[in-house]
Amino acid sequence: MNAFKRDKKEEEEGGGNPFQNIEKTTVLQEARTFNDTPVNPRKCTHILTKILYLLNQGEQLGTTEATEAFFAMTKLFQSRDVILRRMVYLGIKELSGIAEDVIIVTSSLTKDMTGKEDLYRAAAIRALCSITDVTMLQAIERYMKQAIVDRNCAVSSAALVSSLHLTKIAGDVVKRWVNEAQEAVNSDSVMVQYHALGVLYHIRKSDRLAVNKLVAKLTRMSLKSPYAVCMLIRIACKLLEEEDSAEGGSSDSPLFEFIESCLRHKSEMVIYEAARAIVNLRRTTSRELAPAVSVLQLFCSSPKPTLRFAAVRTLNKVAMSHPAAVTACNLDLENLITDSNRSIATLTITTLLKTGAESSVDRLMKQIATFVSEISDEFKIVVVQAIRALCLKFPRKHGVLMNFLSAMLRDEGGLEYKASIADTIITIIEENPEAKETGLAHLCEFIEDCEHTSLAVRILHLLGKEGPRTKQPSRYIRFIYNRVILENAPVRAAAVAAMAQFGATCPDLLPNIQVVLLARCQMDTDDEVRDRATYYCSILEKQDKALANRYIVEGLQVWIPSLEKSLHQYTINPSDVPFDMKSVPLASIPSPEEIVNTSGKAVSREESYAEKLQSVPELVAFGPLFRSSEPVELTESETEYVVRCIKHCFPQHLILQFDCLNTLNDQLLENVHVQVEPPDGYQLVREIPCPRLPYSELGTTYVVLQFPDELGATVGTFNATLKFLVKDCDPATGLPDSDEGYDDEYMLEDVEVTLGDQIQKVTKANFGAAWEEAAASHCELEDTYSLSNMGTLEEAVKNIVSFLGMQPAERSDRVPEGKSSHTLFLAGVYRGGYDILVRAKLALAEGVTMQLTVRSTNADVAELVTSAVG
Amino acid sequence: MGFWDKLVNLLGFKKREVNILVVGLNNSGKSTVINHFKPEEDKSTEIVPTVGFNVEKFRNQNVGFTAFDMSGHGRYRDLWEHYYKDCQGVIFVIDSSDRLRLVVVREELDLLLQHPDISGRRFPILFFANKMDVRDALSSVKIAAGLGLERILDKPWHICASNALTGDGLQEGVEWLTQQVREMVNNRS
């Protein structure tokens, strides 16, 4: 009856949030009630709730406000109301980070924590640990130790978890509680055991030997708590991974045996954790995988949806690395396609798509189409990714899949979802030339009704790049021009740029585009659109193929932020010399992995190095940085001193940057420098030593060399020796024992300066045009080589690209299957700004034969390239 | 206030609740003094330096005291002022064997008395010249002179020698305080 009444009341209020309209200032005003005597617990509890609500909604309190509220709150300790007291603990925890002098409640909390009232103790420990800093920790250490081994499991757990948090600020103090934690591991309580293991592991995690011992001991003693076992499995996995990376790994390690034995544990949680662990281990072979997969297979038919979900999700992951192992579960998975839980069904289908044969694709796609509109965006993205993988696997199925994708594109959905579909279509277009026309058609249709500006711009850019080279470029013009009429300014600007691409590449469309379309755009209301239209119009008017190629098709080759910086510098110091584009560092083309990893970072590698080099005053004078190489290890990774070398190429100089790491904790190195013996022609300009290199800090020393005038001599190897002054020191403090030291040296591996270090990659969208153009203006060298140690064309292409350090143009680095000859186009710029274009014709016959044609603006550079290859 | 309340007040039936502040330098015996007043079953067997403050409750002659036992450590003395506003009495504990720091005590007392939340108000201040059992302890008279207590004109004050370990002198002091509090409450109503 009572419940019914309440329901009705809630209905009347519209079920609204009672805290919806509260305001920070009013609540803080109300908090003054805390100062009243006697305390009104009900009222104060309500106000505290409001404060906590505000804080959890992300409201920011100023330090003074928070301190005032905090001290008002401390007065509530005089009330003995249990509910109010527990709210006060929560308040203390929330405000501990903002208010000042929070240690004022230390004694009060210590009293509650050791008091008789069990309801207070656990919460008091948590609040106490949140206000305690390193200096105060000593004072409460005794109580913490007692609490860890307390008989009440809530108290013990609270103390253990709080200690875990305290390791962040005072690891050394917490380390002293190891005996207590050890005792708590033997507790009967499920949670205490788990938390105690967590603390023990955290205390020891930096010491591999100790962790090994801990795991070995606990695996033998069979823990009671399933949570603790799960944690133990995770720790064991980590150890296994470390072992493997150190020494190949052996399959009969006791750790692995332990994990495998957990597959037969009585708790489902542990079984799943073990199976997941085995699946995720990097080195797992299919034989070891089998028991784990069969456990997951069992879970697939479990009545609990969570277990089914977990199993399918894990199988979905395995399907990527070991599709064969998952095939065994296909039958069980088929049953889950129609699962009432959509998440499970989606994951099942995507898993099946990964493992299934080409013939089942149609059926699965039909199945998934029936409920794709009912699942959340997040899962739709999973589906899209599965389809992408499928397209790459079965290129012949692109028709079905593409249709499905375009249907999904037309559905409702967020930006992320739409972007992932567009991405997939773009990948398919790139990978599979047959799918290009249909893919572009679908994308064209999509932008007709696309609400996401960023996607529309991207697709227009793609149309500009790919459209002109299709059989019928004219059909895309309509779609693009529609954008100019209908869309907002950024899309219009992108459309103008795309049209210009057509104009520059397709001569038969030029009059229409130039006279009619772009001319109309010059009347646009937006500045950017007008500017672009005018710019492209005036270039196209010239009817100069080379000019159009250079300024429309290729676009800017420089790194835009550097260009901005250089121009800014130029406007600050005006000079009579016109601005030289060549002085701007070229944009480096990131490798695909880099794009994935550094998508958030806006600085190129060169840019970040350039900034670092700029900060060394001795290195400023050598002009703009041209190219920086990848770091090269000059030592084994686990030696006394670890040295990496980065080669920075400047127009006339080479700077070798040596990043040194001292791994001996009883040594302090001073005056660290690297002595190099350059080959003939190089001149040593200066050395910049690193004055001090303490234990485990990265120090940098530089060597500046001048390139030889003769380009042929620039390629070579340098002998390098690390020289330094050693001072023995106390490992604990890092202070040297005496002022006396002795000189020592350490042999490093040779530094190799290759041609690739001196060449920056450049993308050429239209290599053919650039090549023709270069025939007249560049000098040309040609030579034939036989690359006898290459077995396949792919291998040869890969080697040539990495050796020359140039950018493959028009995707010529992909060798079509089953061909015995291939032509590779490369483009780059040599230091000093000399363009290089390379055409390598490769033929497969007893090794690979290569005819290399180099065209460059500088004859010496061309000669260097040809000679370096030989 | 209604007639009934007045009657209850007059007869002294009504429970009176007051907040008092216990201050003084560190190691002067504040927590020990308070511990003495607590009922037998709540007494703690060992007293450790207070960090921040503790709230304790005790009763004397039908008056309920809520004592804010503040930490006397130098680092936390600045925090006393947060609790000045809503106190109706102060117990100031002095270590009478610590001649050296008597000047510090005087300074802290002056700061306390000059604080805006204290200076204009009238409430009793009780001084305990604690640790009187120590051999060369100063007498309460000397301490009163040393601290210049005669300058306090606007508040009733009282000093008594005490030994918090045995409880000597504490009862006398707190009886005075109870008396004062009662008078104050009666005057106000």
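In β4(B), B:Leu21 has B:Val90 as its bridge partner. The strands involved are β1, residues 16–23, and β4, residues 90–95, both of chain B; they run parallel and are joined by three bridges. Strands here are DSSP runs of E, at least two residues, and helices are runs of H or I, at least four, numbered from the N terminus.

This is a predicted model: local features need pLDDT of at least 70 and side-chain atom pairs count only at pLDDT 80 or more, while totals for chains, interfaces and linings use all residues. Residues are numbered from 1 along each chain as its sequence is written, chains are lettered from A and ligands numbered from 1 in the order written, and side-chain values use heavy atoms, leaving out hydrogens and water.

The whole sheet in chain B is open and mixed, with six strands ordered β2-β3-β1-β4-β5-β6; two strands pair if DSSP finds at least two bridges between them. Its edges are β2 (53–60) and β6 (157–161), each pairing on one side only.

Now the interface. Contact, meaning heavy atoms within 4.5 Å, links 23 residues of chain B with 22 residues of chain A. There are three salt bridges between chain B and chain A, defined as a side-chain nitrogen of Lys or Arg within 4 Å of a carboxyl oxygen of Asp or Glu. A:Lys75 and B:Asp86 form a salt bridge at 3.6 Å, N to O. On the side of chain B that touches chain A, β2 and β3 (63–70) each supply at least two residues, and β2(B) gives the largest share, five residues.
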